[in-house]
Number of protein chains: 2
Amino acid sequence: MFKTKKVAKRELILAEAAKLFKDRGYSGTSMRDLAGQVGMEAASMYNHIKSKDELLDTICFRISDTYISQLAEIEATAIPFSEKIKALVRLHIRLMVEDGAAVSVANHDWKYLPEPRLTEFKQARKNYEKGFAALIEAGIAAGEFRPVNVSVALFTVLSAVRWVELWYRPGRGLSAEELENNILTVLLGGLAQR
Amino acid sequence: MFKTKKVAKRELILAEAAKLFKDRGYSGTSMRDLAGQVGMEAASMYNHIKSKDELLDTICFRISDTYISQLAEIEATAIPFSEKIKALVRLHIRLMVEDGAAVSVANHDWKYLPEPRLTEFKQARKNYEKGFAALIEAGIAAGEFRPVNVSVALFTVLSAVRWVELWYRPGRGLSAEELENNILTVLLGGLAQR
DNA sequence: CGGATGCTAACGAATGTTTGTTTACATTGT
DNA sequence: ACAATGTAAACAAACATTCGTTAGCATCCG
């Protein structure tokens, strides 16, 4: 007997939890709400999960780990810095489109992580930002980017991608590819006509 | 006898509520937490406020009203479209710097507004976005902006300003003015060297 | 005096989680 | 082949705690 069923149920709970956490927030979502969405009683979920905290932990760190490993991969690739930034922006957009609920939770509800995981998460994010900033800085040094304040550029780019979670619905108007191209045009080329 | 004292206490409660809602979220903040921050018992606050919902309502609509009235003012001013966009971006940054907690609450916790105020808030925001988008569209038509997707440009600009609430601390490194200039450079001129 | 403002105590409802039990099915021993 | 055993997964009920809010009473101040 394999536990494929059990894993599937756990994944179902995680997926529904991400959706509810995104819509109502972590504190605003009760285990009974979640159970209703999953299709069982709240108590029954504890056959598949350890706690509400654990759900949040799993959702947040899966996203965090994805970003970190992808950053390492891009750092190791021999392409111009502008292409590295593009690849990172594309990664953000793609993850947002494909797993928007989880990304949203990792962006907003990480603060409800209990210690010591909260500190670990913040550290991981800081490391990611540091790596991202280093790419921008190197791009400026290489003459590929304009000499703007690195932190401002970093956070402007990171934030400019967040609205996708709030607004974008695939199959309604823009395709994911058009979305990427438009955002990259604004971020890299700027709004003003040259 | 005037109620200046009562109003002052009410404003204190509102200010502390905005701070706590920002840090812990609306659902994650209890009235006892808030009372502790204000310096009285939870029950005592009800001499100054009607309910927890009312706090959220006041915080959200004060911000919303500010944006709407300022947009109307900018729309009525005879300046180039690029200057109108600049003025709006500056407004967002300035409000974020001056009243970051309230802006953050209006950005994130509006979804906990009870009906019918929730619908009113969403409608107000939609109207604001429509007005903002019209300015971008007119700017493109006038040849001031590059012909990008208007919605993408709108949300990219609106989001690019949100990180200020998460990251920027006045008096640490950048001044508010440098901040504005750097963000405007990235958004209007783009990251890439021309 | 009398209203404004604070407190303690308490309310019912909702919270995350544990307990005890049942059902259904897979595995084992013979 | 089949009863015995083990286990996964669901449930209802209850746990202690916390929630927003109200009631009743004290105290201060003009």
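**Close-up views of a predicted protein–DNA model**

View 1. The model is predicted: local features need pLDDT of at least 70, side-chain atom pairs count only at pLDDT 80 or more, and totals for chains, interfaces and linings use all residues. Residues are numbered from 1 along each chain as its sequence is written, chains are lettered from A and ligands numbered from 1 in the order in which they are written, and side-chain values use heavy atoms, with hydrogens and water left out. From chain A, a backbone N or O atom of Glu41(A) lies 2.7 Å from a phosphate oxygen of DNA strand D. Lys52(B) uses its side chain, with an N or O atom 2.8 Å from a phosphate oxygen of DNA strand D. A polar contact here is a pair of N or O atoms within 3.5 Å; within protein, one must be able to donate a hydrogen and the other to accept it, and residues adjacent in sequence count only if both atoms are side-chain atoms.

**View 2. Protein surface near DNA strand D.** DNA strand D is surrounded by 17 residues, the closest being Glu41(A), Asn47(A), His48(A), Met31(B) and Tyr46(B). Of the atoms of DNA strand D that come within 4 Å of the protein, 55% belong to sugar and phosphate. A residue counts as near a strand if one of its heavy atoms lies within 4 Å of it. At least two residues of this surface come from each of helix H1 (4-24) and helix H3 (42-45) of chain A and helix H2 (31-38) of chain B. Helices (H or I, at least four residues) and strands (E, at least two) are DSSP runs, numbered from the N terminus. The surface near DNA strand D has six charged, six polar and five nonpolar residues. Ala, Val, Leu, Ile, Met, Phe, Trp, Tyr, Cys and Pro count as nonpolar, Asp, Glu, Lys and Arg as charged, and the others, Gly among them, as polar.

**View 3. Protein surface near DNA strand C.** The 18 residues around DNA strand C have Tyr46(A), Lys52(A), Ser44(B), Asn47(B) and His48(B) as the closest. Sugar and phosphate make up 60% of the atoms of DNA strand C that come within 4 Å of the protein. The residues of this surface are six nonpolar, six polar and six charged. A backbone N or O atom of Met31(A) is 2.8 Å from a phosphate oxygen of DNA strand C. On chain B, a side-chain N or O atom of Lys9(B) lies 2.8 Å from a phosphate oxygen of DNA strand C, and a polar side-chain atom of His48(B) lies 2.4 Å from a phosphate oxygen of DNA strand C. Two or more residues each come from helix H2 (31-38) of chain A and from helix H1 (4-24) and helix H3 (42-45) of chain B.

**View 4. The annotated segment of chain A.** An unreviewed UniProt entry annotates residues 30-49 of chain A as "DNA-binding region". UniProt positions are given in the numbering used here, feature names are shortened, and annotations may be inferred rather than shown by experiment. Residues 30-49 of chain A are 60% helix and 0% strand, with end C-alpha atoms 15 Å apart.

**View 5. The two domains of chain A.** Chain A is divided into domain 1 (1-49) and domain 2 (53-189), with bounds from an automatic or database domain assignment. Their C-alpha centres lie 27 Å apart. In contact (heavy atoms within 4.5 Å) are 14 residues of domain 1 of chain A and 14 residues of domain 2 of chain A. About 1200 Å² is buried between these domains, 64% of it from carbon and sulfur atoms. Within domain 1 of chain A, Leu14(A), Lys22(A) and Tyr26(A) lose the most area to domain 2 of chain A, together 49% of what that side buries. Buried area is the accessible area (1.4 Å probe) that two parts lose on being put together, summed over both.

**View 6. Cis peptide bonds.** Glu115(A) and Pro116(A) are joined by a cis peptide bond with omega of about 5°. Pro116(A) is in the loop between helix H6 (100-108) and helix H7 (117-141) of chain A. In chain B, a cis peptide bond joins Glu115(B) and Pro116(B), with omega of about 10°.
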